[in-house]
Amino acid sequence: MSTATASSGSRYLALAPMLESDHVTRLNLTLAIFMFASFIVFVPAWLLDNRMLDSAAVWTKPQKFNISLGLHFLTLAFLLQLVPRAVRAGPILLVFSYLAAGGLVFEYIWVTLQAAQAERSHFNFESDFEALMYALMGLGAFFLMTIAMALAVQIWRKGDRTRKGLWLGAIIGLTAAFFTTLYFGFTMSNSGRYVGAPLEGGGATVPFFGWSREYGDLRPAHFVSLHMMQTVPFAGWLADRQGWNAVAVVCGVTVIQFALAIALFIQAQAGQPFWPA
């Protein structure tokens, strides 16, 4: 890397000085910043546009999308620091990062476009084209998650083991999030997000999240499973900082969060909301 490029990268990462200035880290951090910036840009539309879709403001879906994926890529940028620079900038993580970036761009455009038209981006089968786009969103979501699994494998093989809690938490959190999120996502794509309710739901919902308080809703289980990629590594990091038993802490948090996701899934499948109205 040239001196000018290194200097540019250093300035670029001024808000996150603990991150190295390699291409893959910058890519994931850029995607995170872009999503958080989009959240800010969409706030006026979110507050002023009074159109509703499935019992929520039409811009709520894009805003949830912006926050969730901003956090997703920010997490990846930080956990990438656990592997050596040569591995981090190598072909495996580079390819999977660009696949994730492609999935993000595709989904971002479609979710935003549909919100602007007060149309669903997910679970939309009103035309052949919209059904096709929904199927392609499933592929995009898969690409968004494969980077997590690829990174987990590289951390396991070549990651920094001196911070045992963070090392173990990253491997387990990324792996568990990958498999459980895909399972819950696949279930919803085949059966719908609600149990015992029409496709569009209706009635009382949890503010912002939009989860039904009247019907079984599979999204809370999906939410809990997805964010294992943040909570479990954080538990490992905290165990390292506090001198706790890292294995016990990481495994304990994993079991609790996995059990919660399964309990929410079973509850939803029984047609019961997790927070009754």
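Colleague: By class, how does the lining of the largest pocket divide?
Modeller: In this predicted model, local features need pLDDT of at least 70 and side-chain atom pairs count only at pLDDT 80 or more, while totals for chains, interfaces and linings use all residues. A pocket is an open set of points on a 1 Å grid over the protein atoms alone, where a 1.4 Å probe fits, with protein on both sides within 12 Å along at least five of seven lines; lining residues have an atom within 4 Å of a point. Ala, Val, Leu, Ile, Met, Phe, Trp, Tyr, Cys and Pro count as nonpolar, Asp, Glu, Lys and Arg as charged, and the others as polar. The lining of the largest pocket therefore sorts into 19 nonpolar, nine polar and five charged residues.

Colleague: Which helix gives the most to that lining?
Modeller: Helices here are DSSP runs (H or I, at least four residues), numbered from the N terminus. H3, H6, H7 and H8 each supply at least two residues to the lining of the largest pocket. With eight residues, the most comes from H6.

Colleague: And what is the relative accessible area of Leu-93?
Modeller: Residues are numbered from 1 along each chain, and side-chain values use heavy atoms, without hydrogens or water. Leu-93 sits in helix H5, and beyond four places in sequence it is in contact (heavy atoms within 4.5 Å) with residues including Val-24, Leu-80 and Ile-147. Leu-93 counts as buried (under 20%, with a 1.4 Å probe and protein chains only) because its relative accessible area is 0%.

Methods
Buried < 20%, exposed > 50% of the residue type's maximum accessible area, 1.4 Å probe, protein only.
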